[in-house]
Amino acid sequence: MSRHLTLHVRLLKGCQADCSYCSSWTLDGGRRMSPDEYARALRFVVDVLLPGFGCAGPASTVSVQYVGGEILLVPPSELRACVEIGREILGTAFGEVIDGAQSNLVASERRVLGLDALFGGRLGTSVDGRGTQRTVRGSADAYRAAVARSREALLRRRRRRPGAIFVVDRQGLGNVEYEIEAASQGGYQLILRPVFSGGRAVNEASVPELVDVLGRAFDAWAMRSRVPVEPFMLLLTRRIGLANATSQGSVCPFQRNCAAVSLDIEPDGTLFTCLDMADSSQFPLGNALRGTFDWDLWRQLRSRTDTIDPRCASCPFFMACQGGCMSEAIHHTGSPYGRSDLCAVWTDLFHRIDALVERHGRQEVSAWAHSLVA
């Protein structure tokens, strides 16, 4: 059994931004989980769910990711109370509690630095240096200016900028290489995230478009960049044997054992396997505030570990990608055991990785990958 759990915690869904492709958007984002409710939800998780999950114990780790909505909209004293409650209650079940937050950083410098201090610098954000999808009151320039001020304040404090996500929809295809170069120049880790359906209608890039753009971006990044870019880094290190692709604690979205190692708590207490499945309302598992959980459904989702699409089972890259994201598979096939429609994108990247190793040699590629981590 896994000795690690990723816990997504969404205390609210409200946000001060109005991004066009927000997967978490809801018409009524005002509901906020109180500290008392959060304590009750966590006690249900610890007392009722963890014995069945089998992931707790003195040698175990829980990674708590506070997401939104926008976490900065929670009053500071209330947020601190929730974080301290999480550390205390989860600390009774796990040997190590690691927490962090994802924020758009659209707030005063004081609020942003307070959030940074609360989580010891474990902050992530989102970027869109040239597009118009991320906006505040309809203005992309206002969004960028606010985020830039906050990131510079964090740079002065930490001597580094927080890692960032760039959401890739059709409109953002032309900006992928720009964002990679900006991350390399700025010295921060970047995650390229193909947009997925959630709270708002999205303008998805087609699979052939993603194959083309992400493939060219990989070629521009490989052996040249100074920073890790995901999913390039994970797929490369797994393919060349620098990461254990069969480990039970593998990395989202390239893992099969999601139900056993991941849980999401929504503001009203509803439980899902992960944040993406919550945004898409896929297979709700119960409610931590009402004390309900569908163990039969959970076991069905957990069985994805061993229920493998025949095409994946015969694929030479399966051990590295693990069949891709369960949420994407549900969107594409309706089944948690299906194959992600992004399979062609990952397959193309694996071919490029193999060509990279053939051209430079495994030792040189490994040394470059290690240098990015260092």
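This is a predicted model: local features need pLDDT of at least 70, side-chain atom pairs count only at pLDDT 80 or more; totals for chains, interfaces and linings use all residues.

User: What volume does the second largest pocket have?

Analyst: Rolling a probe the size of a water molecule over the atoms shows where empty space is left. On a 1 Å grid over the protein atoms alone, a pocket is an open set of points where a 1.4 Å probe fits, with protein on both sides within 12 Å along at least five of seven lines; lining residues have an atom within 4 Å of a point. Here the second largest pocket has a volume of about 240 Å³, the space filled by probe spheres set on the points, which are joined across faces, edges and corners. Of its 15 lining residues, V127, D128, G129, R151 and Y188 are the closest to the centre.

User: Which elements give two or more residues to the lining of this pocket?

Analyst: Helices are DSSP runs (H or I, at least four residues), numbered from the N terminus. The elements are α4 (140-158) and α5 (176-186); α4 supplies the largest share, six residues.

User: How much of the protein is buried?

Analyst: Buried means under 20% relative accessible area (1.4 Å probe, protein chains only). Buried residues form 55% of the 374 residues. The C-alpha trace spans about 55 × 45 × 40 Å along its principal axes.

Technical notes. Residues are numbered from 1 along each chain as its sequence is written. Side-chain values use heavy atoms; hydrogens and water are left out. Buried means under 20% relative accessible area, exposed over 50%, partly exposed in between (1.4 Å probe, protein chains only).
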